[in-house]
Amino acid sequence: MTTTLLTVGRTRVHVPKPNVRLHRDRSGLLWAAASLALILTLWQLASVLIGEDESGMRLVPGIADVASASLVFADYWPGGFGADQTVNGAERTPWGAALGLVYNAAVSLLRFSVGFLLGAIAGIGAGLLVSWSRVARRTVSFPAHFLRMMPLLAMLPLFGLWFGSSEVGTYMFTAFAVAVLLFVLTVAAVNNVPRIYSESATSLGASRTRIYMSVIVPSITPQLKVGVLLAVPFAWSAVLAAEVIGKQYGLGRIMNFALLYAATDIVAVTALVVVIVAGGTHLLLAKGLNHLTRWVD
């Protein structure tokens, strides 16, 4: 307890000042830790109960199996920094596995970033254009909705034929998956803006362009933010699928080889890495969007 000196006239009075301590609520962290422990326990229990099949393969890999399988990333390191390629006879090492993990995650992250950015610009831009222009609406709406109904994986062979194994094909396929989703969400967001907003702005003498930029776009920002975050898992799914075709490196390539050989431990460790990287991109993007749209709150 501290005191503050307060002067009243010629008299000094000592006013007690309480100590204020800020206590952080750690219940969320505790619940998260308990949930993680429960998941790991159930995972290990399922691995023990389900066991192995007739060929000796463990259907549900245990935690130790997944940890040991992480050395497989050394096979996907192109060499350098003290770790040679395993295809040239070098042994798998933890250092090589770490380099391979970082390298392949970075390759997939680059493909995700480029494709997601292109798809977001194309999808949101097309949605705003269709909502703005009647001519564009009549021209673009039907093809856009037709493409929206096309199964994403069914389009993958076409992109493989059009672009081959080039990086452009991966970027375009990821952008296609994001653009179709954000186009529909943008059009729906504009349609959900109450008409009274535009009518009020018109009565005050605002032009059509001013209404669109000052009324419509700010009104749909919260819904667009949710739509952009919703597109993150779609983009990652597209990246992993596109890496199957003609790609030498990438998390999707590693997972595809593991599925071909029914290596469930490698599938599990690669999926775990994908979840961590994808979750990190979602978290960073959410923080960035919250900062850019802090005026909404």
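Predicted model: local features only at pLDDT ≥ 70, side-chain atom pairs only at ≥ 80, totals over all residues.
A pocket here is an open set of grid points with protein on both sides within 12 Å along at least five of seven lines, and its lining residues are those with an atom within 4 Å of a point.

Start with the second largest pocket. It's lined by 13 residues, and A144, L147, F176, A179 and V180 are the ones that lie nearest its centre. Three helices, α3, α4 and α6, each give two or more residues to that lining. The biggest contributor is α6, with six residues.

Now for the largest pocket. S131, V190, N191, S198 and I216 lie nearest its centre. Helices giving two or more residues to its lining are α3 (94–132), α4 (134–148), α6 (167–191), α7 (195–203) and α8 (208–242). Which element gives the largest share of this lining? That's α8, with four residues. By class, the lining of the largest pocket holds nine nonpolar, four polar and three charged residues.

| Pocket | Volume | Lining |
|---|---|---|
| Largest pocket | about 490 Å³ | 16 residues |
| Second largest pocket | about 240 Å³ | 13 residues |

Key:
Residues numbered from 1 in each chain as written. Heavy atoms only, no water. 1 Å grid on protein atoms, 1.4 Å probe; cavity = no way out; pocket = protein on both sides within 12 Å on 5 of 7 lines; lining within 4 Å. Points joined across faces, edges and corners; volume = space filled by probe spheres on them. Nonpolar A, V, L, I, M, F, W, Y, C, P; charged D, E, K, R; others polar.
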